[in-house]
Structures are given as structure tokens and as C-alpha cells.
Amino acid sequence: WHQPLFAFTHLMTPGVAPPWLFGVLALAALGLAYLSWRYVEAPFRDRRRWSQRGVFALSAAVSLFAIVVGSFLVATDGAPGRFDARVLPLLSPEKTSIEGCPSRDAWLHVCRLGKSGVDATIVLLGDSHAYAIADELGKSLAREGRAGVLVHTDCHPIPGVFDSREPTSRERIAFCAEANRRLLAFVGRPSIEGVIVSIRWTMRLYPLSEPWDLPAFDNGEGGIEVDAPFRENLTMSGGQTTNAAEPKVRALTTYLSTLSAAKPTVVVHPVPEVGWNPTRINVTAIARGDAPPAVIATSWPRMQRRNAEVERILDAVRSPNYSAVRPEALFCNTLVSGRCVVQTERLLYYYDDDHLSAAGARLVTDRIVRELVRRTQ
């Protein structure tokens, strides 16, 4: 009984439910367990009421019903027709279809973007934040008659940095060194005219120097990211791993400087994080019989404080070929004063608590392509 009680409480709570509530639910589960034992389980165990064949027949019928209903919901992608068509984009916003690139060799994964039939001249690098904008970047490039590729390795998106959840064996270090060498060689090919880098910077550099650069974002308004596993980002020093900020900053600066020395490079600065899952807020509102909120937004000052150190590091990179696109300028202190907008009316800019939907990515990639065109024509 505790499982459905806890699960539906999570679903109906946009932020993080207070711990005491789960204590109350645990007590309620005990009461429900007694009632179901007394009035369901015990009677079914009474062979004077139910034969073994009858129990199995009923169980099979209920199981078959559950399978049929479940299969229908999977086949129809959750039966979206039960919702008003006007709110569907707020419950399941359009997002990138690229969630994994095929292996080019043992080190690199490559997806093609943009116009077909022309040479790829743009390279997109990064982590899941690069994936989130990949589809819309491809559309923006196609409108310019151009093509590109999304390229990534199986290592940390910043060369020389390692995720604390993975082993840092000698073999792993050597593999990532070779993967990153091949990545830079790919970028350095004569056919490549420009590079884009999009990474969830603050999470990928944690810890730096501030207490609010934790991997999971807390928006200070009850929205605490719940699906970001704790990890530190490490570098190697004297044969040992360290989470010190200075060598990570040095690794990042070296990486961006190397890229921009080779090709015009556009770096996408931090995408404002949300803390809440906005689709869950909308679903919860509908489940309660309310309309989805007209605006979902988070604190701009809190976002600035969280990313201040990363912004300083990125701004310190100096190269004639280096330029920045700042999502903050698109989403924060624009439509709502002092707030970073996540949703307005019928437009949801995110598909979860930190990745841009197609609508949000479109705003960013239009800026990126304009900057690339300016630098590569």
C-alpha cells in the first residue's frame, strides 16, 4: 500500500513533499494493509468461499485486463486524446529526437545535422545540453543551406576531467586521452568551419568554490531537482584524483582555447535551470481540476548566483575566434521582471528541469547560427 500512496503523492506535489507527510502516509499504509488483509486476503484464503481454480481464473482475468489497458496506453503514447488539444504542448512538449549518436569508431559518436547532400562544416560538442538543441540546430543550419555534425565521446565532455562515478584506472585515462585527441583532430579537419560547445557547465565542474553549485539545482521556491545523481568532477594530479577547482578550470580553459585557436567557436553559456519539472506542474494542475499556470518562472538572482563562477571562467577565455551565446539573455528578466521564464501561456520552453524543449532550443539555436554565419562567411 505504501507504494501507490508515495507515488501519487510525488506526482501531485510539484516540488519536494515534506518528510512528515510520508510518515503520515506510512501509518495510513499500515491501516490500509490491515483492511485489505481482513476483507480481501483472508476471504480469498478461505477455501469454503473460493476454490483454487476460482482464484486463478479471477487472477488471470484481472491480469489480462491490466495487460490490455497497459498495452493500449503504451501504443497510444498515454492516450493524449483524453486531454484538451490546447494543453497537450504543456504536458508533452516537442523535444529533440536525437538521444544517442552511432559509433563512428571506438572513440567517437557522430550524428549528422542540417541540410542533406552538402558537406558538414559545423561541429556541435557537449553533453545532454548539446543533444537538447541538436534538432533545432539542424533545422537552423538547413535554412542556411548548411550541415553539421554532433560529435561526442564516451568520456567527460571536458577533456582531462572525470566523473567521480566512473573508474579512473590507467586504461580509462589512456582511452579518454586518445578519444579527446581524435575529437580535436576531427574538429581540425579543413572542411570544418565552426564549432559550438553546449554543456551543463555548473554541474560538470562541481565542486568549484561555492555551496550553491551542487549538481542538483534548488530554485529556493520548493523546486529541488530530484533526478541528478550526486557526482563530483575530478582531475588527475600526481597519479591521484582531486576535486580541486583550479585544475578543472585550467582543463576547461585549455579546451576552449584550443578549439577557438583552430576554428571559430561559439560557446553556449549556462541554460537557466528550473528545479521543478514543469510538465509535472501542468499535469498536477489538470489532475486537481485547474488550468495549467499561465506563467512558470524561477528567480533570476538565484540563477545568477549559481552560475556566477562559471560565467567568470567562460568570460575569461580570450581569443579572436571565441564568442558566446547567453540563454540567460533570452529567458531571464525579459517577459517577467527578475524571473527566468520556463512557460508562458501555451508555450513551454523546457521538457524537464534543465533541458530545453524544441521551442526553447529554437530561440537559442537561431542566435547560435546567426553568430556562426557572421564569423564563417
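Student: Which residue lies over the face of Tyr39, and at what distance from the ring centre?
Tutor: In this predicted model, Arg38 lies over the face of Tyr39, at 5.1 Å from the ring centre. A charge sits over a ring if NZ of Lys or CZ of Arg is within 6 Å of the ring centre and within 35 degrees of the ring normal. Local features need pLDDT of at least 70, side-chain atom pairs count only at pLDDT 80 or more, and totals for chains, interfaces and linings use all residues; numbering starts from 1 along each chain as its sequence is written, and side-chain values use heavy atoms, leaving out hydrogens and water.

Student: And what lies over the face of Trp107?
Tutor: Arg182 does, at 3.7 Å from the ring centre.

Student: Turning to ring pairs, how many aromatic pairs are there?
Tutor: There are 6 aromatic pairs. Rings of Phe, Tyr and Trp (its six-membered ring) pair if their centres lie within 6.5 Å; planes under 30 degrees apart count as stacked, over 60 as edge-to-face and the rest as tilted. One of the pairs is Phe6 with Phe22, edge-to-face, at 5.0 Å centre to centre and 80° between the planes.

Student: Which parts does that pair tie together?
Tutor: Phe6 belongs to helix H1 (residues 2-12) and Phe22 to helix H2 (residues 19-45), so the pair joins parts 16 residues apart in sequence. Helices (H or I, at least four residues) and strands (E, at least two) are DSSP runs, numbered from the N terminus.

Student: Is Phe22 buried or exposed?
Tutor: Phe22 is buried, at 15% relative accessibility, whereas Phe6 is partly exposed at 25%. Buried means under 20% relative accessible area, exposed over 50%, partly exposed in between (1.4 Å probe, protein chains only).

Student: Which residues do ring pairs link into a cluster?
Tutor: Phe331, Tyr349 and Tyr350 are linked in this way.
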